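Hi,

Here is the structure I said I would pass on. Have a look at it first, and my notes on what turned up follow below.

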Amino acid sequence: NIANKVKCDLLNASILVDDKLREWIFLPKGHDYKKSDDSDPNMSTLSEQEVDDLLAQRMFAFYEKKFSVANKLESVLLKASIIVDDRLREWRFLSNGHGYTESDDSGPNTSNLSQKEIDNFL
């Protein structure tokens, strides 16, 4: 409809409209996500600028209701060891590539897998 097209046009111009709050904000990075304060160091193949660009494209795809495109963009980020938390509107680098950590309740490693092999499986 016309209202969605207007919102998409504004988002393309880095302006986010919130109909519920009846407010709008400028999005200098093209999205409203922030890097998490507890993000791991960047071990990714992507720079922060490239992450910002992908997040902006993903957000725009959501607003255009192109969910398969948004999901593909999230997969690109995840493959580059970047996880996005839509609920918190945050993203973070994952130094181990998957975001899992060994539980404090874990016993000694009796498997035949090294930590690197476990990381690769996850």
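Before the packing, one cut-off: a residue counts as buried when its relative accessible area is under 20%, and contact means heavy atoms within 4.5 Å. Keep in mind too that this is a predicted model.

Let's start with helix H1, residues 2-12. Its buried residues pack against strand S1 (15-18) and H2. Which residues of H1 are buried? They are Lys7, Cys8 and Leu11. Looking down the axis of H1, you'll find these buried residues within an arc of 100°, so they line one face of the helix. Turn to the face pointing away from that buried side and you get the exposed residues Ile2, Lys5 and Asn12.

Now for the helix pair. In general, two packed helices are described by the angle between their axes and the distance between the axes. Here the axes of H1 and H2 (residues 48-63) come within 10 Å, crossing at roughly 170°. With angles over 145 degrees counting as roughly antiparallel, H1 and H2 are therefore roughly antiparallel to each other. On the H1 side the contact is made by Lys7, Cys8, Leu11 and Asn12, and on the H2 side by Met59, Phe60 and Tyr63. By type, the residues of this contact split into five nonpolar, one polar and one charged.

Two loop residues also deserve a click.

His31 sits in the loop between strand S2 (23-26) and S3. Is His31 buried or exposed? With a relative accessible area of 4%, His31 is buried, because the cut-off for that is under 20%. Setting aside neighbours within four places in sequence, His31 is in contact with Asp52, Leu55, Ala56 and Met59. Met59 also turned up above, on the H2 side of the contact with H1. A polar atom of the His31 side chain lies 3.0 Å from the backbone nitrogen of Tyr33.

Ser36 is in the loop between strand S3 (34-35) and H2. Ser36 is buried as well, with a relative accessible area of 5%. What does Ser36 contact, leaving aside its neighbours within four places in sequence? The answer is Glu90, Trp91 and Arg92.

That's what I have for now.

Cheers

How values were computed
Residues are numbered from 1 along each chain as its sequence is written. This is a predicted model: local features need pLDDT of at least 70, side-chain atom pairs count only at pLDDT 80 or more; totals for chains, interfaces and linings use all residues. Side-chain values use heavy atoms; hydrogens and water are left out. Axes are lines fitted to C-alpha atoms, for helices over the stretch in contact, and angles run from 0 to 180 degrees between N-to-C directions. Helices (H or I, at least four residues) and strands (E, at least two) are DSSP runs, numbered from the N terminus. Angles under 35 degrees count as roughly parallel, over 145 as roughly antiparallel, 65 to 115 as roughly perpendicular and the rest as oblique. Ala, Val, Leu, Ile, Met, Phe, Trp, Tyr, Cys and Pro count as nonpolar, Asp, Glu, Lys and Arg as charged, and the others, Gly among them, as polar. Buried means under 20% relative accessible area, exposed over 50%, partly exposed in between (1.4 Å probe, protein chains only). The arc is that of the directions from the helix axis to the C-beta atoms. A polar contact is a pair of N or O atoms within 3.5 Å; within protein, one must be able to donate a hydrogen and the other to accept it, and residues adjacent in sequence count only if both atoms are side-chain atoms.
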